[in-house]
Amino acid sequence: LQELKQSKFGANRTAITEFILLGLVETPELWPVVFIVFLFAYLVTVGGNLSILVAILVEPKLHTPMYFFLGNLSVLDVGCITVTVPSMLARLLSHKHTIPYGACLTQLFFFHLLVGVDCFLLTAMAYDRFLAICQPLTYSTRMSQTVQRILVAVSWALAFTNALTHTVAIATLNFCGPNVINHFYCDLPQLFQLSCSSTQLNELLLFAVGFIMAGIPLAFIITSYAHVAAAVLRIRSAEGRKKAFSTCGSHLTVVGIFYGSGIFNYMRLGSAKLSNKDKGVGVFNTVINPMLNPIIYSLRNPDVQDALWQVLKGKRSLA
């Protein structure tokens, strides 16, 4: 009877207790090169984003809604790369490429949580630019500190719901083998490929929730910037137009990269086989984007540069 219970329990649960992550390259001779490159990228990303955060905290000029959101974005970028890269580096060092089933789902949850918050924060930043340029007289009241905090809290709540939904949905699938993931972290497309259950409902869920998580925010961003473009074009002076567009250019660049790579990664689930291109998109999502964001947004900003220089000279401190 006990054996019957165990077999019945096992039938409803995954038969696989761990996955094998092949990583970026399967050639052992290249592993030291990959380790050095990604360790450098990780340190640069963490250092760059924390520098932005320090600058925002110590420079009164940067105590604005746009930089409040940017500071939150920097925290997310550090979190996003930390969820994926350190574990990959550890596997390269130990030459052990397995990841427990529970750890794989945990990684998937936190990755989608952080990316989801990122998605909504980019939308909040577009709304901020819309208010600042199109409705400057009511900007300070419509984008008060309370509103900023509510927007961030709602972003976290929606992203948490999204990440939990996908993680629970994946947990209902059976994995009977093979257990080899041709990637360097656990994500939905790769796990769908390995499941011996039908993933049709999971894929429909991904598209449906993806529309809410990405489609609606993207439509809101496009609408906001359509109004912004119309308002800027009405400015008579060329210098005024240039200044207004410059405040939006960095944000639009990040939005384009973020949504472009995301659409490529998740909207091709019907393809028979996931290729090495998906690893490249994964690198873009988890490493390149977080590393570029500080450069695109702020390191070329004179106020940020001045704040960091003041900290380095000891004239400003976090205290």
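Modeller: Start with the link of Cys-104 and Cys-186, which is left-handed, with -120 degrees about the S-S bond. Cys-104 lies in helix H4 (residues 101-134), while Cys-186 sits in the loop between strand S3 (180-181) and helix H7 (188-194), so the bond ties together parts that are 82 residues apart in sequence. Helices (H or I, at least four residues) and strands (E, at least two) are DSSP runs, numbered from the N terminus. The S to S distance for Cys-104 and Cys-186 is 2.0 Å. A disulfide here is a pair of cysteine sulfur atoms within 2.5 Å. By this rule there are 2 disulfides.

A word on the basis. This is a predicted model, where local features need pLDDT of at least 70, side-chain atom pairs count only at pLDDT 80 or more, and totals for chains, interfaces and linings use all residues. Residues are numbered from 1 along each chain as its sequence is written, and side-chain values use heavy atoms, with hydrogens and water left out.

Back to burial. Cys-104 is buried, at 0% relative accessible area. Cys-186 is buried, also at 0%. Buried means under 20% relative accessible area, exposed over 50%, and partly exposed in between (1.4 Å probe, protein chains only).

Next comes the disulfide of Cys-176 and Cys-196, with S to S 2.0 Å. This pair links distant parts of the chain, 20 residues apart: Cys-176 in the loop between helix H6 (145-171) and S3, Cys-196 in the loop between H7 and helix H8 (200-233). The link of Cys-176 and Cys-196 is right-handed, with 55 degrees about the S-S bond. Cys-196 is partly exposed, at 42% relative accessibility. Counting bonded cysteines along the chain, the pattern is 1-3, 2-4.
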